[in-house]
Amino acid sequence: RSKVSGNVSRYQSPEFDALVDRLQLTVPKAERTQVLSDVIHLISDQLPQMPLFYQVEPMLIANRIHGMGGRAVGSTAAWNASQWDVEGS
């Protein structure tokens, strides 16, 4: 990973980053489920997001997917799916 300076609007944690990297590289379903469980445990244990007024829906998005935007109010996570592009397809 390259170091990014400036305003980075996401949770910054080497432990979280390592889990996300592991999740992206893990294929067997049982192992992926365990890594995802570890991600959820870290998020619920460290509480990097605490929604007070808005519902927050954290999600993991593969690096190969481009064009996903933030979820529009009152819509699904796939509200702009027609604009998505998968690298290498």
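Trainee: Hi! How much of the protein is made up of buried residues?
Mentor: Buried residues account for 13% of the 89 residues in the protein. Keep in mind that we are looking at a predicted model.

Trainee: Got it. What secondary structure does the protein have?
Mentor: There are two helices and two strands. Starting at the N terminus, the order of the elements is α-α-β-β.

Trainee: And what share of the contacts between residues at least 6 apart in sequence joins residues at least 24 apart?
Mentor: That share is 22%.

Trainee: Let's zoom in on S13. Where is it?
Mentor: S13 sits in the segment before α1, the helix that covers 14-25.

Trainee: Is S13 buried or exposed?
Mentor: S13 counts as buried, because its relative accessibility is 8% and the cut-off for buried is under 20%.

Trainee: What does the side chain of S13 lie 3.1 Å from?
Mentor: A polar atom of that side chain is 3.1 Å from the backbone nitrogen of F16.

Trainee: Switching to the outside now. How much accessible surface does the protein have?
Mentor: About 7,400 Å², and 56% of that belongs to carbon and sulfur atoms.

Trainee: Which residues form a nonpolar patch on the surface?
Mentor: L36, I40 and L60 do, and together they have about 260 Å² of accessible area.

Trainee: Which element holds L36?
Mentor: L36 belongs to helix α2, which spans residues 29-46.

Technical notes
Residues are numbered from 1 along each chain as its sequence is written. This is a predicted model: local features need pLDDT of at least 70, side-chain atom pairs count only at pLDDT 80 or more; totals for chains, interfaces and linings use all residues. Side-chain values use heavy atoms; hydrogens and water are left out. Helices (H or I, at least four residues) and strands (E, at least two) are DSSP runs, numbered from the N terminus. Buried means under 20% relative accessible area, exposed over 50%, partly exposed in between (1.4 Å probe, protein chains only). A polar contact is a pair of N or O atoms within 3.5 Å; within protein, one must be able to donate a hydrogen and the other to accept it, and residues adjacent in sequence count only if both atoms are side-chain atoms. Contact means heavy atoms within 4.5 Å. Accessible areas come from the Shrake-Rupley method with a 1.4 Å probe; for residues, only the protein chains shown count as cover. Patches are made of residues with over 30% relative accessible area and no salt bridge: like charges are joined within 9 Å, nonpolar side chains (Val, Leu, Ile, Met, Phe, Trp, Tyr) within 5 Å. A salt bridge is a side-chain nitrogen of Lys or Arg within 4 Å of a carboxyl oxygen of Asp or Glu.
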